Amino acid sequence: MNATMIQFFHWYSEGNGKLWKEAEERAAHLATLGITSVWLPPAYKGTNGGYSVGYDAYDLYDLGEFDQKGSLPTKYGTRNDYLKAIKALKERNINIIVDIVLGHKAGGDELEKFKAVKVDENNREKIISDVIEIESYTKFTFPGRGKKYSDFEWNFTCFSGVDYAEGMDSHIFKIQSEYGNDWEEMIDDEKGNYDYLMYNDIEHRNPFVREELNSWAEWYFDLTDFDGVRLDALKHISFDFYKEWLTMLRSNSGKNIFAVGEYWAPGQLNLLQKYIEVTEGCMSLFDSSLQNNFHTASNEGGSYDLRRIFDETLTQADPMHAVSLVDNHDTQPLQDLEAPVEAWFKPLAYALILLRENGYPCVFYPDLYGAHYTDKGGDGNDQEIFLQKVDGIEELLKARKDHAYGAQRDYFEDANCLGWVREGDDEYSGCAVVLSNKEAYSKPMEMGKRYSGKKFHDMLNRSKDEVVIDENGWGNFPVPAGNVSVWISE
């Protein structure tokens, strides 16, 4: 069966410990739709306790078990809820992809004094102060957990930079330590060096830190038996670190753990390819360039040349390392990287990632279930956002599960209408897909002689017509204006 992932959360997912229970309850439905992997959000305690989305990681060992940062459960529930959700998903042969945040830590328990220099925020290679002594929350003792699971205590030597100094204005401070007075090596020169992102930036050159993060990964795997990892913020972490960390994880687990990384660089395919090269292909990457093309196409409407939709994308250049997506928690409205795909275009975009040969598609939670949330602005102007379930998303998923197999033939000759067929194989019948971002079209395409005389209907019910395949295996497949049709044999 075709592999399909879902990101089972969004930035504003409902709190109060409900998400793990929802994942458990929806496991059967996800399996019916052909979902084979579920990407769950960071499961460990963040600095805001039960309100943390999870990317402000505090204690990696606290999966909603200890009374820390103002709560025992995380935003998503308790450790027991989490393990029950995993069990329910696995019972339906759905793989678990866990979210890994190893670039920074937040919410230190005690202040420490150490030497540092200020750096220019827009060029972190530029030092703008003498060496000074500062005091920051870099000591992590985890008083709620104590030494259960690990007795490792984090201190300032475990970090390369901070953005807080007691009694001083907020700034980026580069810590001066035995592990290096410069930042770790990155593959790009954005902001001079983009090693530092936020909070306390983890120093991966410290061998004790690496040992602890390897031990934690082994502990996490032994507890949950996860099948894959989603690696956060690769742009800000030494590429050498994850090469070693994944090697150790796969060796210690005895399992070929799938890995997909977030290196967000829309329109910069060269950086995605460079990262895959320097990490020796040890992980896949989210295709941020394709997502950006979808965003652009949805805003430009009929003036966008659909023949360009895969230009400069990882899905086209290196499909074996591409995880394709339409939206995610960073691109959704009100986020810093906001670049949402407009609702009218989403069925087209999902057809392009779900029903073609290349890429490993990832569905976004609000696109399957909808979402409603409010951003409480500091100026008192609250913004209410309604994200509607994508029209036809369940049918598109079922089309991937039951029909998107076999040889693919493309019909990309029109700027405003794309078509392709999947011939099917010995087990699955194929499909014909036509999409338009402008007028209604009818596209002649070859399904294959084995379908001669067969009647095809649009499983999305966009068109009520019937297409009969001629003696040469061809059919003329229509699509309404600005829409997508998926044709399958009766």
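I take buried as under 20% relative accessible area, exposed as over 50% and partly exposed as in between, with a 1.4 Å probe and protein chains only. Helices (H or I, at least four residues) and strands (E, at least two) are DSSP runs numbered from the N terminus. The model is a predicted one: local features need pLDDT of at least 70, side-chain atom pairs count only at pLDDT 80 or more, and totals for chains, interfaces and linings use all residues. Residues are numbered from 1 along each chain as its sequence is written, and side-chain values use heavy atoms, with hydrogens and water left out.

The buried residues of helix 10 are I393, E394, L396, L397, A399, R400 and K401. I then looked up what covers them; the cover includes helix 1 (19–32), helix 8, strand 17 (360–364), helix 9 (365–369) and strand 27 (484–489). Contact here means heavy atoms within 4.5 Å.

**Aromatic pairs**

I found 40 aromatic pairs in the structure. Rings of Phe, Tyr and Trp (its six-membered ring) pair if their centres lie within 6.5 Å; planes under 30 degrees apart are stacked, over 60 edge-to-face, and the rest tilted. I noted Y58 and F142 as edge-to-face, because their ring centres are 5.3 Å apart and their planes stand at 65°. Y58 sits in strand 4 (residues 57–59) and F142 in the loop between strand 9 (132–139) and strand 10 (159–162), so I logged a link between distant parts of the chain, 84 residues apart. Y58 and F142 are both buried.

F66 and Y149 are also edge-to-face, since their centres lie 6.1 Å apart with planes at 70°. This pair too joins distant parts of the chain, F66 in the loop between strand 4 and helix 2 and Y149 in the loop between strand 9 and strand 10, 83 residues apart. F66 is buried at a relative accessible area of 9%, whereas Y149 is partly exposed at 30%. I also find F66 and Y149 in one aromatic cluster with Y44, Y61, W216, W219, Y220, F221 and F226.

**Helix 2 and helix 3**

I read an angle of about 60° between helix 2 (residues 79–91) and helix 3 (residues 207–224), with their axes 10 Å apart. Axes are lines fitted to C-alpha atoms over the stretch in contact, and angles run from 0 to 180 degrees between N-to-C directions. Helix 2 makes the contact with R79, Y82, L83, I86 and K90, and helix 3 with W219, Y220, L223 and T224.

**Pockets**

I treat a pocket as an open set of points on a 1 Å grid over the protein atoms alone, with protein on both sides within 12 Å along at least five of seven lines; lining residues have an atom within 4 Å of a point. Points are joined across faces, edges and corners, and a volume is the space filled by probe spheres set on them. The largest pocket has a volume of about 910 Å³. Among its 34 lining residues, L197, M198, D330, D336 and L337 are the closest to the centre.

The second largest pocket holds about 260 Å³. Of its 17 lining residues, V341, A343, K346, L387 and Q388 lie nearest the centre. Helix 8 (346–354) and strand 19 (383–387) each supply at least two residues of this lining.

Note on methods
On a 1 Å grid over the protein atoms alone, a cavity is a set of points where a 1.4 Å probe fits but cannot get out, and a pocket is an open set with protein on both sides within 12 Å along at least five of seven lines; lining residues have an atom within 4 Å of a point.
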